[in-house]
Each structure stands twice: as C-alpha cells, then as structure tokens.
Amino acid sequence: MLEQNNLAMWQNAEANRIRNYLTGSHAVLGRQDFTFNNKTFHTAKIVLNSLKQIIAFHASYVCGKPVSLSGETEVTKLLQSVYKKGFYAKNDYEIVTNLVKYGNAYEVLYKDKGIVKSKIIPNVDAFPVYENGNYVRFVERYCYNPVTDYMMEREFIREYENGVLKATYRNASGMLPIHYQTGDKDKTGVFSIGIVAQLIPIMNEIEQLLSKMSDSVTTLSMNPMGVVTGQRLDESVHSDLVGATLNLEEGGTFDWATANLDYNSIKLLLDNLINQFYQIACVPSALYGQGNVANISETSLELLFNNSDSHARQLGYGLLEGFQKRLEAISTMLGVDVMGVDINFNFNRPQDNKSMLEAMKTQYDMGAISKESVITNSPYTQNVDRELELLNSKES
C-alpha cells in the first residue's frame, strides 16, 4: 500500500502536471471569449508544440546513437549480448526522454527466461520514497480498477490490490529501481528538474502574446468601428462596407476608427522571449529557422552546439551514475562481474567529417594516434571490435 510520503507525492504531482501540458493542457486554452459587435467573439488560442521537438532533439543528441561498450573482450561481449537481447538502446533513449521532460527517470531490472531485461517506469506511476535523504523504497502505482501497487524493497516486491496484499516476489537484482537524475536539483533537494519545467512559463507567455496579437488584428484592424459626427444614423453600417456612399447632413463626417498596434514593442518582447527559450532549451536556434547554417565549418558547428554539448555532458554524468548501478544489478543476476566495462556516449552532433578525417590522418601519419583510435572515432565505424577483427585477419 502506498505510503503518504510528501516528497513522493509532490514529485508525482509535478510529473502529472508536465505530462498534461505535453498532451495539450496549455494555459492559453483558458482564455475567455467576449462580446464584439453584439456577437460572441471566440478568442484565439494558439497552442505551440515546440517542446516536443526540444525533447526529441536532446534524446536523439545523447542516445540517438547507442552507447559504446569497451573493456575486457569476453566480459564486453557478454554485456553486449545482454544489451542486444534486452533492447537497452531503446530504453536508454527513453531514459533520456524522461530526464529532459521531468528531470528524473526510473528503471527496474529483472530476469525473464534467463535474459536480464530492463523496464522504464513511467514518471506518472512512480513514487520513490526518501526518508531523511535516503532512498528506502519504491512504489509503482496503476490507478485502474482495481488500483494496483507494487512496493519494491531491496529483498522483496509486494503486490497490492486496493490496499490488500496479493502476492510477494523475491527481488532478483537486490536493488531498488534505479533513479536517474539530471543533477539540476529542484526545491526538494532530492529530485531533479528537467528542461521542460523551465520552458513551460516562457512558452505560456509566447502563446498568450501570439493569441492576443491575433485577436487585436482581427478586432481592431480588420474589423474597424464606424464613427459618425453630426447626423445620427438609425441603422448600423456593415463592417464589410466597400464602395458604398453615405449621404450626411452638412458638417457631418464618417470615419473608420482603427487601433494602431505598437509593432516594435511587441516584436522586442517576443524576440526576447524566444531568445530566452532557446538559451534555456540548449538548442541551436538556427535549427528552427532562426538563422543561416549554410557553409558552416567545424569550428562554427562547435560554437553553434556549445550549449547542447554542455547539457548533453550534464545528462551524461547522471546517466553514467545510473548505468553503474545497472551494471551492478546485471552482475548480481548473471553471477559475472561486468562492472569493469566502460560505457561511452556517441553524441549525435553534426560533424564536418572531411576535416575530422584529414586531422586524424595527419595525426596517424605523425605516429601521434593509433589505428584503433582512428577506427573508434571514425563516423563510419558501427562496430569497433568487429572492424579491428577484420583488419587483423587481413594483415595475418
């Protein structure tokens, strides 16, 4: 049965808030309609889905290419087999996605027919319980009929239905679900905060501004109000009036009253909001039509993706901490120590391959770099070990 742990409940509520936003519950949808020209005017409610692209960008940037495993040959081959059979590359991508969305991600490892598999627990179903800063248990809750809770401890997993204990299982890994974090702590000091939570307030302002601008153009510019001086008109003048003539008494006038929008002030506000959005999102604005990327050099690429690289490294440190716990659980369930295997990321940053290969060739010709290093860093190498085996077989 789920304990009323305040930190766990707060984290789950925050995950639900972000999930609801990403599935369409935007603040701009709450804008009220009003009466205009004696009719109900339905206000503009412009919803932008830019955050989904930001999430996909960072997930692909960090784990779009599977991580590389290196170390002692036999142990590395064993771990590569585990990763392949358990579809860990897909799960790594999902972990990064959750880190960008929520700042936290949860993975539980289990054994199924001899295969060590990994399951990513949705944040909206997760209740990690911390007491005095210590991670003591984990509850996975499914709010269906019946409400099912899985209380996970280091030795046992207990299944509850509507608060009644139904079954008890042995925890094969001897570990709690792995709690991945970004490193950027939130106000609790226990959980982390993702990019999405920081971008939602800015996106709300942009959506509100664009929606109000749309209403202003429609009501104040495209539907002006007729103003008559002198003679009183008993009938209204149609807003679509074009090419007609009004006969007024001497001294009477008729004009269309329109409002002039302060374009420069609005543009200044919008440009600054968009600039802050891309800075916090750590995404090159040029990728989304905010600049020109033609004829760009390797140095320019490094500058363009500097923020993305910094954020990717921050995510990478959080992932590596979790991956070490993953290797510990795999070692326990396989009975083989795989803790010595190194895990390296292959960030999916665009590269000037020609310049990079020419630089590596120069280093190799100087004797300053090995053939293995060239193969490892080549953008055209998919499997380093297999490539080295093929080269060695040709040389022999």
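Predicted model: local features only at pLDDT ≥ 70, side-chain atom pairs only at ≥ 80, totals over all residues.
The protein has 396 residues, of which 36% count as buried, and its secondary structure consists of eleven helices and 14 strands.

**Helix H4**

- The buried residues of H4 include the polar Asn91, Asp92, Thr97 and Asn98.
- Also buried in H4 are Ile95, Val96, Leu99 and Val100, together with Tyr88 and Tyr102.
- An α-helix has 3.6 residues a turn, so residues three or four places apart point the same way.

- Strand E7 (residues 134-143) pairs with strand E8 (residues 147-152) in the antiparallel sense, and six bridges join the two.
- Three residues lie between E7 and E8, which form a hairpin.
- Within this pairing, Phe138 stands opposite Met152 of E8.
- E8 also runs antiparallel to strand E9 (residues 156-161), to which five bridges join it.
- Thr148 has Glu161 in E9 as its bridge partner.

**Aromatic pairs**

- The structure holds 13 aromatic pairs.
- One of these pairs is formed by Tyr180 and Phe323, whose ring centres are 6.0 Å apart; their planes meet at 75°, so the pair is edge-to-face.
- Tyr180 belongs to strand E11 (residues 178-181) and Phe323 to helix H8 (residues 306-334), so this pair ties together parts that are 143 residues apart in sequence.
- Tyr180 and Phe323 are both buried.
- Ring pairs also link Tyr180 and Phe323 into a cluster with Phe57, Tyr61, Phe345 and Phe347.

**Contacts and surface of the whole protein**

- Among contacts between residues at least 6 apart in sequence, 62% join residues at least 24 apart.
- The pair of Tyr180 and Phe323 provides an example of a link across the sequence, with 143 residues separating the parts that it ties together.
- The accessible surface of the protein comes to about 22,700 Å².
- Carbon and sulfur atoms account for 50% of that accessible surface.

Notes:
Residues numbered from 1 in each chain as written. Heavy atoms only, no water. Helix = DSSP H or I, 4+ residues; strand = E, 2+ residues; numbered from the N terminus. Buried < 20%, exposed > 50% of the residue type's maximum accessible area, 1.4 Å probe, protein only. Contact = heavy atoms within 4.5 Å. Areas by Shrake-Rupley, 256 points an atom, 1.4 Å probe, with all protein chains shown as cover. Pairing = 2+ DSSP bridges. Phe/Tyr/Trp six-rings, centres within 6.5 Å; stacked < 30°, edge-to-face > 60°.
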